[in-house]
Each structure stands twice: as structure tokens, then as C-alpha cells.
Amino acid sequence: MPLYRSVTIAPGTQLLIWKITETLEELAEGVLLNDRCTVKMDKMKSEQHRKALLSVRRLIQEMGYTDFDLYYGPDGKPHLKDGTHISITHSYAFSAVIIGSSNTGIDIELQREKVITIADKFIEPEFSFLDPLHLEEYMRKLIVIWCVKEAVYKMISRKQLSFKQHINVHAFDMKDGTGKAGVHFAEIDDVYSFCFEEIEGFTLAYCLDNNGNG
Ligand SMILES: CC(C)(COP(=O)(O)OP(=O)(O)OC[C@H]1O[C@@H](n2cnc3c(N)ncnc32)[C@H](O)[C@@H]1OP(=O)(O)O)[C@@H](O)C(=O)NCCC(=O)NCCS
């Protein structure tokens, strides 16, 4: 399938999702890669990872960019040379990017029960509003929280930022698809809005920084 979705989530800010159903050769059609990226892809042992890389380039090409416009900071955060912000995620059959005028973070994760066993590694205050007795909703909420924390991390990109200690996802309702997350770290003391949705057994979450941090 080519582009799965392209939607404007804020003025001048686009969310694009690719569902990978193509062969590697089909995905590579019309994709221009710079030398660094070609080397990176050649080193990848997994075809799935190569497909993820190519699908992300297909997504940025939808917005008029190519791999030659993309570079990475020493922290691994992607940037566009014209100063437009970008965040990238990929998981199995899906990849997604947000491209726009605000600093942003996006994450997509496969919904897996395993998240229950690692919950105490990335959650603390959130346990006050989670109910493990309602197992299915508990798992879905844990994955939303995980995605939100990954998205916030990508937006702020500070090495010492701890999911458990510094990012606090406030109580939210699965029906709403939105929520708020507080970040208290170094000079940052802010609350960010996030959006989330469930797509074919995956959870996607993103946030935009309208507070000027990161
Ligand atoms: C780097 C990290 C954010 C990647 O997230 P992920 O869910 O594993 O993988 P995703 O596919 O969603 O995202 C990968 C993309 O994130 C981007 N990325 C990597 N490092 C980044 C950073 N420091 N800031 C912003 N974006 C970053 C890259 O674009 C990368 O894709 P690409 O290399 O193909 O372009 C994540 O591994 C990480 O380090 N998280 C924070 C550490 C942490 O606290 N972990 C959990 C503690 S319980």
C-alpha cells in the first residue's frame, strides 16, 4: 500500500503514515538516498529495517523533501536542513513522520502484553489512575503511556530525561484520543498536549512543543 494517511494536525504541520506492504524493490523505486544513508542501509541485516528506512524516505518525499534534506544530530534526532521540524517512527508494518513548524515527537508501537511486565520500568505516578483489574484497558493505556513518553523524549531529546522520573502522563480516557503530559527536568517545567490513536493493533502517539523547549 502506498501512503496510508496524510493529515494536517496543526497549521503547517503534517502527520504522514505509511503501511508497508511492498517489496523492498517496490519501496526503493524513485527513492534517492545520500551516501551515508546508503551505507547505513547496506549494513542493516533485517529486511524489515531496510523497508522502514525506505518507507520513511517515501513519506518525506510526499512532503517535497528527499534524504538529501535530512540529517541527524549526535543524539540521533533527525532534522531537516531548511529548519522545518521532523520526527520519525517505525514499527513492523508501519512508519510515520510528523513534519512541521513546531518541535515534535512521534512514536508507534505494536500492542503487546509484554508491556505489563515492564510497566514499573517506565511508570510511577501513572499507577494512581491505572486499574490492572481491567486487563485489556490496562494494557492499552500502558502502551499509550509508553508511546507518549517516547514521543516526548524524541521531542525534547535530552540524554538524562527519565521516562519514570521526569515525564508524568496525566489521567486520560481511551475514548478521547488526547491527554496531557508534564515534564519536570532541568529548566523544563511544562505540560504538553498529546494525541493518540490505535491502528490495526498498533498504538500511535505524538506531541508538539508549543512551549518553546527542546
Ligand atoms: C531513540 C529512541 C527514542 C527510539 O525510539 P524507538 O521507539 O526505539 O524507535 P522508533 O522507530 O519509534 O524511532 C526511531 C527514530 O527515532 C529517531 N530518533 C533517534 N534518536 C532520537 C533522539 N534522541 N531524539 C529524537 N528522535 C530520535 C530517529 O529518527 C529514529 O529513526 P531513524 O534512525 O530510522 O531515522 C529510543 O530508543 C530511546 O532511546 N528512548 C529513550 C530511552 C529510554 O528512556 N528508554 C526507556 C526507559 S524505560
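The ligand sits in the largest pocket, where a pocket is an open set of points on a 1 Å grid over the protein atoms alone, with protein on both sides within 12 Å along at least five of seven lines, and sitting there requires more than half of the ligand's atoms to lie within 2 Å of its grid points. This is a predicted model, in which local features need pLDDT of at least 70 and side-chain atom pairs count only at pLDDT 80 or more, while totals for chains, interfaces and linings use all residues. Residues are numbered from 1 along each chain as its sequence is written, and side-chain values use heavy atoms, with hydrogens and water left out.

**The shell around the ligand**
- Among the 19 residues around the ligand, Y72, T89, H90, D107 and K154 come nearest, and a residue counts as near if one of its heavy atoms lies within 4 Å.
- Domain 1 (3-101) and domain 2 (107-209) each give the shell at least three residues, with bounds from an automatic or database domain assignment.

**Polar contacts (pairs of N or O atoms within 3.5 Å)**
- An N or O atom in the side chain of T89 is 2.7 Å from a ligand oxygen atom, and a polar side-chain atom of H90 lies 2.8 Å from an oxygen atom of the ligand.
- A ligand nitrogen atom is 2.9 Å from an N or O atom in the side chain of S157.

Conventions. A polar contact is a pair of N or O atoms within 3.5 Å; within protein, one must be able to donate a hydrogen and the other to accept it, and residues adjacent in sequence count only if both atoms are side-chain atoms. On a 1 Å grid over the protein atoms alone, a cavity is a set of points where a 1.4 Å probe fits but cannot get out, and a pocket is an open set with protein on both sides within 12 Å along at least five of seven lines; lining residues have an atom within 4 Å of a point.
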